[in-house]
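Visitor: I would like to learn how to read a protein structure step by step. Could we go through it together, beginning with the general idea each time and then turning to the case at hand?

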Amino acid sequence: METVFGIVVDGIAYGMILFIISVGLSVTLGLMRVVNLAHSAFAMIGGYTASYAIQSLGFGYAGALILAIVVTVLISLPLERLLYRRLYGVENELPQVLLTIGLAFMVVATMNIIFGPTLKQIPLPELLSGPVSLGPKIISAHRIFVIGMGVATILGLWALLEKTDFGIRLRAAVDDPKMAAALGIKTETLYAATFALGSGLAALGGVLGAELLPLEPYYAIRYIVILLAVVAVGGAGSILGSVAASLALGILDTGAKYLFPNFGDFFFYGALVLILFRWPNGFFDKRAA
Amino acid sequence: MTRNLRKALLGAVFTVALGMGTADAGTIKVGVIGPMSGPFALSGLTFKEGVEVYQAQHGKTVGGDTIEFIYKDLDAANPAQSKALAQELIVKDKVAFLAGFYFTPDALAVAPLIDEAKIPAVIFNAATSAITEKSPFFVRTSFTLWQNTVPLANYVASGGSKTVVTAVSDYGPGIDAETAFKATFEKAGGKIAESIRMPVAATDFAAFMQRIKDSNADALFAFLPAGPTAVTFVKQFSDNGLRQKMKFFSTGDLVMEPDLPALGEPALGLVTSFHYSAAHKSAANQAFLAKHKEMFGNNDKVTFTTVDAYDGAHVIYKMVEATKGKSDGVKQIAAIKGMKWESPRGPVMIDPDSRHLVQNVYLRTLEKVDGKYQNTEVTIVADQPDFGYKR
């Protein structure tokens, strides 16, 4: 029983980290229909910014987190204006894939030149470091913080997309861009704002997930498969879907690794195949609707 | 007219081709194959720094011949590509030596080539014992998992741990480490509670930590390749509260020097066994570190791969010396068998049978000294051979 509890807690914590790093991709992929393979590159920019701010500029953890999001958004906006905007609504997704994977490689090379090939750390404040006891289970304080931030992100996004004017306009623009424009909705500004939201979430994930996915120049390429897996299972554009997919994959992966450690990632990808077989568009698909 | 033109062109092509074929008089080329970009770029960089420090200390010429190192990028384990690069280096660049090789399969792939071309290949890293058995032209200046694990297993047994759980990455070197630990520890009277193999690409180790905890062993022995996953593993061991529950031993791969700042406090006190620590106290290491600092600004990236490449360059220089610059692989390999020298890691000797180093293995404790983390050498286990050779 103790072990089952331990696995569930670990699985939820792992799932929340998966959620935080992939939800931004779900936003850009689902709401804007851009296959952004450079998403983890934005996460990496956020992580490196936070690391640099704490270690060389003397920022605190919270300050560095905010700075990372701001810097990443500021870097991503000109890219949206100059590059991504040309690819909205193209028939064929190949140009998007080529552009964004190219961008990811450029970020990898740039980070390698500027910061060198060593691992970068984001030192945690006293409050978030070290283990915490949850009854029989010991878990790191940082993971509890990540779970909390994950819940806050879920609620924030839900309120933003379902309850605000911005959300209504965005959903209108996604469903029928021409009609939305005819009604006077400024779709270009709306798309830029959504893109900024996606890259800001990427930065948040890059910083919070750094304990599990350490920052190094190859980060951008190394973890994109996990991110895409979560988005594919959850259904692009669905916040609820991302939550369900992250938690399902997190708990399943943790449980399978405990019970059958020698099978490695077999169950993670096996589950991926089965889920997509049953729900080809993921748990909750907004694109097909 | 056209015919004459064609003849003239062909003649020109042949002249150029022949001209390229003859190596510049007095230049001996060494082809280094290693990860210069991609996820393991740090290791490629340390290869290069190690060689450059050696050349800065000992000059770029041996008996009038200039030694030139050519670097070829092989960013991941890819035997076919390794073979193609080696072929290009031998045929086109006319190298007299091959060197580098971060991954075992990349080294194994060139065995038939170096046999045919009769040129020595100096391995800077690839640490599976079987490699040097595959060709008499292989020499290795790094370590093997057997070499570093056997002394550690004996130390753990003598330290009073009765049962040990092992956790290794599920690939060649990981299985070498597991086998070596198990064989040695059981021979010393200990018991292996459980052997766990983890995927090489794992990012979350929570499930394995739970399993390690449930094994109720006195101690954990772990091996993961140096890099991001090793850092996460050590952190999660501490985060899951296992530090209070059992002892943690590993080979030095988990605590390579450039990763220490990222590992930080959770790794303090970790006991590891390895053939080189940047904190090794000797005149040779001081001179090596001082030169490195002068050339690259700081010693933050100096680690075992730097010194493995540094010693590799030394072996190449000695081989050039042995034949006075002539290309004769058989004679060159014969000349360095049994060679002894003082490396920055300590005294070493090339075992005439295995063509692998006999060297000290150090048991080290991770400490914070003057605000910097380092692996302080505590016990020396002298003159350890490769226990895995022909096993």
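Guide: Let us begin with a definition for reading sheets: two strands pair if DSSP finds at least two bridges between them. Please keep in mind throughout that this is a predicted model.

Visitor: What is the order of the strands in the open sheet of 6 strands in chain B?

Guide: As a general idea, the strands of a sheet pair through backbone hydrogen bonds, and they do so either parallel or antiparallel. In chain B the order of this open sheet is E2-E3-E1-E4-E5-E6, and its pairing is mixed. Strand E2 (61-62) and strand E6 (138-140) are the edge strands, since each of them pairs on one side only.

Visitor: How do E2(B) and strand E3 of chain B run, parallel or antiparallel?

Guide: They run antiparallel, and 2 bridges join E2(B) to strand E3 (residues 65-73). Within this pair, Thr61(B) stands opposite Thr66(B) in E3(B). By contrast, E7(B) and E8(B) run parallel and are joined by 7 bridges, with Thr166(B) standing opposite Ser195(B) in E8(B).

Visitor: Why is strand E7 of chain B described as largely enclosed by the rest of the structure?

Guide: A residue counts as buried when its relative accessible area is under 20%. For strand E7 (residues 163-169) of chain B, 7 of the 7 residues are buried, so the strand is largely enclosed by the rest of the structure. Thr163(B), Val165(B), Ala167(B) and Ser169(B) point one way from E7(B), while Val164(B), Thr166(B) and Val168(B) point the other way, and all are buried.

Visitor: Is Thr303(B), which lies in a loop, buried or exposed?

Guide: Thr303(B) sits in the loop between helix H11 (283-296) and helix H12 (304-322) of chain B, and with a relative accessible area of 0% it is buried. If we leave aside its neighbours within four places in sequence, Thr303(B) is in contact with Thr46(B), Met256(B), Glu257(B), Pro258(B) and Tyr276(B).

Visitor: How many residues does each chain give to the contact between chain B and chain A?

Guide: Chain B gives 35 residues and chain A gives 33 residues, and together the two chains bury about 2,900 Å², of which 56% is on carbon and sulfur atoms. The count of salt bridges between them is 2, and Arg143(A) forms a salt bridge with Asp204(B), where the closest N and O atoms are 3.1 Å apart. On the side of chain B that touches chain A, the residues divide into 16 nonpolar, 9 polar and 10 charged.

How values were computed
Residues numbered from 1 in each chain as written. Chains lettered and ligands numbered in written order. Predicted model: local features only at pLDDT ≥ 70, side-chain atom pairs only at ≥ 80, totals over all residues. Heavy atoms only, no water. Contact = heavy atoms within 4.5 Å. Buried area = accessible area lost by both parts, 1.4 Å probe. Salt bridge = Lys/Arg side-chain N within 4 Å of Asp/Glu carboxyl O. Nonpolar A, V, L, I, M, F, W, Y, C, P; charged D, E, K, R; others polar. Buried < 20%, exposed > 50% of the residue type's maximum accessible area, 1.4 Å probe, protein only. Helix = DSSP H or I, 4+ residues; strand = E, 2+ residues; numbered from the N terminus.
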